[in-house]
Amino acid sequence: MEKNLVIGIAGGSGSGKSTLTENIKNRFGDDVTVVLHDYYYKAHDDMTYDERAKLNYDAPFAYDTDILIRDIALLKQGKKAVAPVYDFSIHNRRPETQEILPTKVIVVEGILVLEEKQLCDLFDIKVYVDSDADIRIIRRIKRDMQQRARSFDSIVNQYITTVKPMHEMYVEPSKKNADIVILHGGENTVALDLLYHKIANFINGVEQ
């Protein structure tokens, strides 16, 4: 039996993937480690805040995904990983790092985690959370204003210029790589129960 179960959770910004990840963590507690693709946004210490604010953060080139791949491979081997820390309020990495320890279940979450084949190859279960675009933009506005100190105008401008076109170019097409597509986000209790059941079986050592 595998040492751990690695689950990739993707979906558009505001689709409900973070809520799903939090629910898995809350349900299974210390058996779950969460790794966010957002930790791995590239550092831009050479730019001003205004310059960083204009960057495209919704395309594959915005991330150091090769480092994430390395870290997930380490966790699968039962080794700890040291990940960057990203601060959305300044659009940049912080100087400190964070230690990530391997557990039975490792959840890797981000809008583009199903876009990169090398990353997909590390996942035992690939999940895409799908929600209507109008719901996603409302959730994004609420989150970015409350949690990321962003203005309404900056959120709308970013959505129109990068989030929406990058979703259509990269995020939505990655859905074809999913093993499970959860429609309507956290409201799809049937799909969620099936996923929770598979995780519980793995943790309890039940042959699948």
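How much space lies in the largest pocket? In this predicted model, the largest pocket holds about 900 Å³ of space, while the second largest pocket holds about 220 Å³. There is also one cavity of 30 Å³ or more in the structure, and about 40 Å³ of space lies in the largest cavity.

**The largest pocket**

- The lining of the largest pocket is made up of 37 residues, and those closest to the pocket's centre are Lys-17, Ser-18, Glu-109, Arg-143 and Arg-148.
- At least two lining residues come from each of α1 (17–28), β2 (32–36) and α5, and α5 gives the most to this lining, with seven residues.
- Sorted by class, the residues that line the largest pocket are 10 nonpolar, 15 polar and 12 charged.

**The second largest pocket**

- Around the second largest pocket stand Tyr-49, Ala-53, Lys-54, Leu-55, His-91, Arg-150, Ser-154, Ile-155, Asn-157, Gln-158, Thr-161 and Thr-162.
- Both α2 (49–53) and α6 supply at least two residues of this lining, and α6 gives the most, with six residues.
- By class, the lining of the second largest pocket divides into four nonpolar, six polar and two charged residues.

**The cavity**

- The largest cavity is lined by Gly-12, Ser-13, Asp-58, Ile-111, Arg-136, Val-163, Met-166, His-167 and Val-171.
- Helix α6, which runs over residues 152–171, gives the most to the lining of this cavity, with four residues.
- Of the residues lining the largest cavity, four are nonpolar, three are polar and two are charged.

**Helix α6**

- Although α6 has 20 residues, its end C-alpha atoms are only 23 Å apart, which is short of the 28 Å that a straight helix would reach at 1.5 Å a residue.
- A kink of about 50° is found in α6, and the kink is centred on Tyr-159.
- The buried residues of α6 are Ile-155, Gln-158, Tyr-159, Thr-162, Val-163, Met-166, His-167 and Val-171, and what covers them includes β1 (5–11), β6 (125–130) and α5 (133–147).
- As background to reading such a list, an α-helix has 3.6 residues a turn, so residues three or four places apart point the same way.

- Is Arg-150 buried or exposed? Arg-150 counts as buried because its relative accessible area is 11%, and buried means under 20%.
- When neighbours within four places in sequence are left aside, Arg-150 is in contact with Phe-88, His-91, Asp-144, Met-145, Ile-155 and Gln-158.
- Arg-150 and Val-163 are 13 residues apart along the chain, and their C-alpha atoms are separated by 15 Å.

**Asp-38, in the loop between β2 and α2**

- Asp-38 is found in the loop between β2 and α2, and, not counting residues up to four places away in sequence, Asp-38 touches Tyr-63, Tyr-86, Phe-88 and Arg-148.

Conventions. Residues numbered from 1 in each chain as written. Predicted model: local features only at pLDDT ≥ 70, side-chain atom pairs only at ≥ 80, totals over all residues. Heavy atoms only, no water. 1 Å grid on protein atoms, 1.4 Å probe; cavity = no way out; pocket = protein on both sides within 12 Å on 5 of 7 lines; lining within 4 Å. Points joined across faces, edges and corners; volume = space filled by probe spheres on them. Nonpolar A, V, L, I, M, F, W, Y, C, P; charged D, E, K, R; others polar. Expected span 1.5 Å × (residues − 1). Bend = angle between axes of the 7 residues up to and from the residue. Buried < 20%, exposed > 50% of the residue type's maximum accessible area, 1.4 Å probe, protein only. Contact = heavy atoms within 4.5 Å.
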